[in-house]
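Good morning. Please have a look at it before I start.

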Amino acid sequence: RGLGFKGETYRRGTKTLPRKTHKGLRKEACIGAWHPSKVCWAVPRAGQFGYHHRTEVNKKVYRVGAKGDAKSASTPFDLTDMAITPMGGFHLYGLVNEDFLMLKGCVMGPRKRVITLRKSLLVHTKRI
């Protein structure tokens with residue numbers, strides 16, 4: 001989840017300035033040189049903290065599962081009727097009660113974060 005608008009010290013972990021600093025001490029002391037007369041992107045500034053937009057490519061879909069399917073975890077090699085949820089539920093997640101996708105690799109964001117998937121725009125030239 002997002003944490004809203006945060007200052008430089010909380011957001012980027014900068015050192016606080018000394019006690020006798022004029023106009024606040026939880027800020028960056030110098031935000032850059034006179035020229036170029038722009039603030040560099042790497043200078044810590046206050047702003048949005050959390051719930052950022054991230055894009056990843058080349059996610060492989062292993063399985064598409066339906067809600068309430070008792071055979072959602074069975075494979076051609078193991079024909080045992082079993083649901084996708086392990087005994088006791090997934091650690092720090094719980095039971096899978098809805099439709100699901102099984103993806104290869106990691107997915108950005110915390111548990112139960114809603115993600116958006118779309119068809120790839122890249123032309124696939126190699127099959128692995």
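Is Lys60 buried, partly exposed or exposed? The model on the screen is predicted, so keep that in mind for each value I give. Lys60 has a relative accessibility of 39%. Buried would mean under 20% and exposed would mean over 50%, with partly exposed in between, so Lys60 counts as partly exposed. You can find Lys60 in the loop between β2 and β3. In sequence, Lys60 and Met102 are 42 residues apart, while in space their C-alpha atoms are 8.7 Å apart.

Now the chain as a whole. The protein chain has 1 helix and 4 strands. Reading from the N terminus, the order is β-α-β-β-β.

What radius of gyration does the protein chain have? The value is 23 Å, whereas a compact globule of 128 residues would come out near 14 Å. The C-alpha trace spans about 70 × 40 × 20 Å along its principal axes. Of the 128 residues, 13% count as buried. The accessible surface is about 11700 Å², and carbon and sulfur atoms account for 58% of that.

Next, contacts. Take the contacts between residues at least 6 apart in sequence: 51% of them join residues at least 24 apart.

On to the aromatic rings. How many aromatic pairs does the structure hold? There is 1. The partners are Tyr10 and Phe49, with ring centres 5.4 Å apart and ring planes at 80°. For planes, over 60 degrees counts as edge-to-face, so this pair of Tyr10 and Phe49 is edge-to-face.

Where do the two partners sit? Tyr10 is in helix α1, residues 8-12, and Phe49 is in the loop between β2 (47-48) and β3 (61-65). The pair therefore ties together parts that are 39 residues apart in sequence. Tyr10 is partly exposed, at a relative accessible area of 46%. Phe49 is partly exposed as well, at 23%.

Tyr10 has another neighbour to point out. Lys6 lies over the face of Tyr10, 4.8 Å from the ring centre.

Technical notes. Residues numbered from 1 in each chain as written. Predicted model: local features only at pLDDT ≥ 70, side-chain atom pairs only at ≥ 80, totals over all residues. Heavy atoms only, no water. Phe/Tyr/Trp six-rings, centres within 6.5 Å; stacked < 30°, edge-to-face > 60°. Helix = DSSP H or I, 4+ residues; strand = E, 2+ residues; numbered from the N terminus. Buried < 20%, exposed > 50% of the residue type's maximum accessible area, 1.4 Å probe, protein only. Lys NZ or Arg CZ within 6 Å of the ring centre and 35° of its normal. Rg over C-alpha atoms; globule rule 2.2 N^0.38 Å. Contact = heavy atoms within 4.5 Å. Areas by Shrake-Rupley, 256 points an atom, 1.4 Å probe, with all protein chains shown as cover.
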